[in-house]
Amino acid sequence: MASTLVDEHRLVAPDGRPPRSTLSDAGRFLAGRLRQIGIFLALLVIVTLFQVLTGGALLQPDNVSNIVVQNSYILLLAIGMVMIIVAGHIDLSVGSVAAFVGAMSGIMIRDWSLPWWVALVASLAVGALVGAWQGFWVAYVGIPAFIVTLAGMLVFRGLTQIVLENQRITGFPQEYRQLGGGFLFPGLFPPETSILDWTTVGLGVLATVLLVGSQVRGRRTRARLGLDDEPRAWFVTKLVFAAVVVLGLTYLLASSRSGTPIVLVVLGVLVVAYSTVMKRSVFGRHVYARGGNLQAAQLSGVDTKRVDFLLFVNMGVLAALAGLIFTGRLNSAGPGAGNLFELDAIAAAFIGGAAVTGGVGTIVGAITGGLIMGVLNNGMSLMGVGIDYQQFIKGMVLLLAVGFDVLNKRRATNALK
């Protein structure tokens, strides 16, 4: 009877090891999540490598804060870009749009004497109009996004130079500059009286609690609905890893004399909001459906033209926000701002697991890809690597990431045959 129960429930093999089917099921589960696992492991390996090569300089608190601030606008662009790529499009104009909006904000403040907050709101509206303009040609005229945004890259770069008259604008209000380079409640916990910035600690602990709570609640909901779910051991491991990463970043930022960058708070709110939209909203499902199979999505009643239009409006707003952050951080708006931003955002999306053919990609993956690019830039700069070699290495990383995606798909297709 005991042997029957053991056999029926497949608890252990006669030699005490897990049965072969359990091991093979675990292997298939991990293989199915190779894309998600690989990107986080890659980030961990790269951070560890540069931490060793730079003699511990990479993870110094002030340098970690610099990495966040210096790459914030690329991470913002990566959020919108991965949504565009999931839908099967591409946007080559985001760098020029960011530069144009930054220039317009400078004109509004300097020449039109608008209050800084009015200039910010108006600049975001300009970004939305730019996105609507490009979305109209893509969604309703039917011109491929590659052509429309290539034209937009030239048009808005030209407009940037026109409105600035090929000159740099500087001297923005302090409140405006806080968005790109400011910190949350500076001086509230001065280093002379406190070893940590307790505002940062509180935000980090709150973020960890909310992360764990949302994941546990989601797992319980899936279990109640009878949906297939991941093994408990993997769920706990993933959750512990995420909590350790968040708390580790919290400690490093809290150890810095500056505290929490305001742009990190903005970025965190946007990541949560857009992840929720892509995972749990009807619009998010329509984006994946449109990128996965356009004809099937149309036959299912998805208004793919509306989806495309809204995606480009959203991209325009995010590009505008990135332009404001970049301009505020540098305290200047110049005709050459935003150069190659689009390539960094596209690289972040693809390194983060987005598929070239569309239908696959996540917000968190794109952020992770952007962090990989940021750590590569920062680590190589600390080592004194020239910009020529930096470009070469980043290009190879992008090529290998896309190549890995293609090989992974090919292997999955062969396994189904």
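## Surroundings of Gln 390

Apart from neighbours within four places in sequence, Gln 390 is in contact with Asn 377, Met 380, Ser 381 and Val 385; contact means heavy atoms within 4.5 Å. Gln 390 belongs to helix α17, which covers residues 387-416. Helices (H or I, at least four residues) and strands (E, at least two) are DSSP runs, numbered from the N terminus. With a relative accessibility of 7%, Gln 390 counts as buried. Buried means under 20% relative accessible area, exposed over 50%, and partly exposed in between, with a 1.4 Å probe and protein chains only. The C-alpha atoms of Gln 390 and Leu 376 lie 8.1 Å apart, while the two residues are 14 apart in sequence.

The model is predicted: local features need pLDDT of at least 70, side-chain atom pairs count only at pLDDT 80 or more, and totals for chains, interfaces and linings use all residues. Residues are numbered from 1 along each chain as its sequence is written, and side-chain values use heavy atoms, with hydrogens and water left out.

## Overall composition

The protein contains 17 helices and two strands. Of its 417 residues, 43% are buried. Among contacts between residues at least 6 apart in sequence, 78% join residues at least 24 apart.

The accessible surface amounts to about 21,400 Å², and 67% of this belongs to carbon and sulfur atoms. Accessible areas come from the Shrake-Rupley method with a 1.4 Å probe; for residues, only the protein chains shown count as cover.

Helix α5 runs over residues 94-110. The expected span is 1.5 Å times one less than the number of residues in the helix. Because 16 of the 17 residues of α5 are buried, this helix is largely enclosed by the rest of the structure.

Helix α6 (residues 116-141) has 26 residues and reaches 37 Å from its first C-alpha to its last, close to the 38 Å expected at 1.5 Å a residue. At Gly 135, α6 bends by about 30°; the bend is the angle between axes fitted to the seven residues ending at a residue and the seven starting there. Gly 135 is also one of the buried residues of α6, which include Ala 119, Leu 120, Ser 123, Val 126, Gly 127, Val 130 and Gly 131. In an α-helix there are 3.6 residues a turn, so residues three or four places apart point the same way. The buried residues of α6 pack against α5, α7 (145-164), α8 (174-181) and α14. After α6 comes Gly 142, with a positive phi near 95°.

## Salt bridges

A salt bridge is a side-chain nitrogen of Lys or Arg within 4 Å of a carboxyl oxygen of Asp or Glu. By this rule there are two salt bridges. One joins the side chains of Arg 290 and Asp 308, at 2.9 Å from N to O. This pair links distant parts of the chain, 18 residues apart, with Arg 290 in helix α12 (residues 282-292) and Asp 308 in helix α14 (residues 304-330). Arg 290 and Asp 308 are both buried.

Another salt bridge is between the side chains of Arg 110 and Asp 111, at 2.7 Å from N to O. Arg 110 is partly exposed, with a relative accessible area of 47%. Asp 111 is likewise partly exposed, at 42% relative accessibility.

## Nonpolar surface patch

Phe 40, Leu 41, Leu 44, Phe 241, Val 245 and Val 364 make up a nonpolar patch on the surface, with about 490 Å² of accessible area together. The elements giving two or more residues to this patch are α3 (34-53) and α10 (232-255). Helix α3 supplies the largest share, three residues. Patches consist of residues with over 30% relative accessible area and no salt bridge; like charges are joined within 9 Å, and nonpolar side chains (Val, Leu, Ile, Met, Phe, Trp, Tyr) within 5 Å.

Phe 241, a member of the patch, lies in helix α10. Phe 241 is partly exposed, with a relative accessible area of 37%.

Thr 208 is found in helix α9 (residues 198-224). Thr 208 is buried, with a relative accessible area of 9%. Beyond neighbours within four places in sequence, Thr 208 is in contact with Ala 243, Val 246 and Leu 247.
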